Amino acid sequence: MGTGVGITAPFGRLLRTLRQGRRLTIEELAEASGISGRAIGDMERGRSRRPHRSTVTALAQGLGLDEAAHAGLLAAARAARPGARAAEAVRASAHTLPRGVRDFVGRQAELAELRALVREAAEGRSGAPPVAVVSGPPGSGKTSLAVRLAEEPSAPCPDGAFLVDLRGLDERPPSAEQAVAGLLGTWGVGDAELARLTAEERLARYHEVAAGLDAVLVLDNAGGEAQVRPLLPRAGRLLVVVTSRRTLAGLEGVRRIALGTLRPRESAALLRAVVGAGRVDAEPGAADLVAGLCGHLPLALRVAANWAATRTHWSLERLAGRLVDEDRRLDALSAGDLKVNSAFALSCSRLAPEAARMFRLLSLLPGGDFGAATAAVLADVPPADAEDLLEELLEAGLLMTSRQDRYRLHDLLRLYAAARRRTEDGEEGSLAARSRLRHWLLDTAVLAGRWHEPDYGRPPEDPDRLVALDDREQAARWIRAEGDTWLAAFREAAALGEHTRVVEVAEAMHWFSDHWVSWGHWVEVYERAATAAAALRDAALEATHRNYLAWAYWACARRHEEAAEAATSALRLARAGGSTLQEAWAYAYLGWLRDAVDDLPLAADHYLRAARLFTAADDVNGYLQVSCGMIRVLRGAGRAQAAVDTCRGIMDALADPRHQDRIPPNVREFTALSALYAVSFVHLDEERWEEAVDALRSIRGQFDARGWHKQAGKVHLHLAHALARLGERAEAAAEYRAVLALDARVPADVRDDARAGLAALAAGRPAPLARFAQ
């Protein structure tokens, strides 16, 4: 039966109007819908502002609403939630601790043991801070225990709590090196610095920063000792908690805490927390039976309890009976090595068909978290519907929140969902969903990556686009947030022989990749792209991606020999394919690589060849890049005036009206920054203090804004040195203090130089200087 109430009314007011229009009390609606009277009252008073789809559906059924009125109630519920686009625009760090479960119970002995380690770490009683390894079967609550510890007021977290998902069950779990790079980025070490460090230097930098942190680091879901061992701190107060299904017996000097299933009283406490103490205490025998059928496993118990909590008219005895029935029917279905399918199956059986389908399809996603837009494409439903379905799965305990407005499946539930998908959807349905998702992910990756390219920028307006790509920052956030998912789609495209698609995505990511060196997958991306270009028998295209691969080998992996080999191969292919531009880039990369090992004569020769070829190809952006490299080489060769003249030429080219539309704003800004930073060292070497001050003042703050803290620290430090020699003591002191304010984000030697500078100023003399190092 229809209603004349407008759907723009707040949800609570609309619900009250509908209830009163049918002359129902709150208690009567609770009986008819299975939703508790307290929950209904909270919704009507506006105390519960995020009603889930399943709750709304149950209320609509209890109210006897027709399809149109049901849709109106759903629309009002959606309006009460923050918009998906706005939520995606603000995203927590990749290593932010996820929210802990609200109804954590039990594990008091284990928590007490971990609290003792907290105190030990805070007091710094031993050389290396303590490490705890929490092991146990899947679904036993290892991550929940670690997060619970980090959330306690007594935890040593003045510098924060961090979590790295090591995804030990994945086919390609992240390496320790990838984890190190990611954490350094989270801890404020910029990509520009990471790009200049070898793997060993990155690890040393990791331990330097970690030693200064009062924090908790959770290394979650570790697959083996090799992933964990390099990440264990050597000094300081960083408490590390490792969770794993294995005991990691190869790690020495760690505290091991084994989690089994819950004790019966702990299982009862969990049921009381979720279902309600009154219902559990009224049927203690049935509660024990439910816990036993769930194997006293926290994950299974929580799923079953969440299901019962929304059906207040069901007895626990009736719930136990259904679990027994499901267990009999699903003996053939296996999720890992545990018989907890009955709890999962019961919750799935009570989902709306669309939500059950969404749950099954989510098993197609790689490990890691995902957003609502990705789920919408996978299930081929509108974004608002996808969000409703995800909230229904969340309410049923079949899905977890990861970070802000992002979701994830527990490994055990992923296995179960995959088994259901194979049984119920068949291969054809899975292939269609996988193909749909792959095309959307790669389409979006191309649009987001091209935001950073000189020839593209903002994508065309599209009101149907599922994610906001209105500026470079939004594009970058999407690339980072969905890195696991679009990379999986990229790998799938390569495996399917979609060569044109592979090179298109890799090309689109080229300009962005400089901004995310710490990701750790660019070598793979450009190896696959070069292979795809070779399969297309396009020599110029292969040269392009061999050049990109040369960058990735050196900037991301510090594999100099392989980088030089890739650039040399690119040079040969460019000549064969008649591409002057790619020949120029090959020489540019070869010059960069020779510069990196201080082979200055050969670096200069390569740079000069590249500059001539860029001029012939009329590519001003490439010309400017090698010119910045030439400043460094000329400085190293002792040709100070030539280096200064080269910088002037760069600045003249940037100001030339003929190039205004040919140099993108981000390239223009970065080129000026690179050139002025490089020439400042020439002025410092020559003791041209006023010129050095002019150059450094003009770029002060620009590295800081980019998160390139080592370079930022050196700008402040060198500006302070120059100001001190010009007698500008107050400003010099302020610049030295700016270095120290960056704290562990800059290397210790830079901070030491700043302290020495302040001490020298206090003593009335300038700080002693060594050769200025870039």
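Start by selecting His207 and Pro230: the His207 side chain reaches the backbone oxygen of Pro230 at 3.1 Å, a polar contact (a pair of N or O atoms within 3.5 Å; within protein, one must be able to donate a hydrogen and the other to accept it, and residues adjacent in sequence count only if both atoms are side-chain atoms). This is a predicted model, where local features need pLDDT of at least 70, side-chain atom pairs count only at pLDDT 80 or more, and totals for chains, interfaces and linings use all residues. Residues are numbered from 1 along each chain as its sequence is written, and side-chain values use heavy atoms, with hydrogens and water left out.

Stay on His207. You'll find it in helix H11, residues 199-211 (helices are DSSP runs of H or I, at least four residues, numbered from the N terminus). Is His207 buried or exposed? It's buried, at 8% relative accessible area (buried is under 20%, exposed over 50%, partly exposed in between, with a 1.4 Å probe and protein chains only).

Next, hop to Arg148 in helix H8, residues 142-151. Arg148 is partly exposed, at 31%.

Now pick Leu362, Trp478, Trp486, Trp522 and Tyr526, the residues with the most contacts inside the largest nonpolar core, which has 182 residues. Such a core is a set of buried Ala, Val, Leu, Ile, Met, Phe, Trp, Tyr and Cys residues joined through side-chain atoms within 4.5 Å. Helix H35 (residues 665-685) gives the largest share, 11 residues.

Last stop: a second, separate core of 30 residues, including Val133, Leu183, Tyr206 and Leu238.

Conventions: Helices (H or I, at least four residues) and strands (E, at least two) are DSSP runs, numbered from the N terminus.
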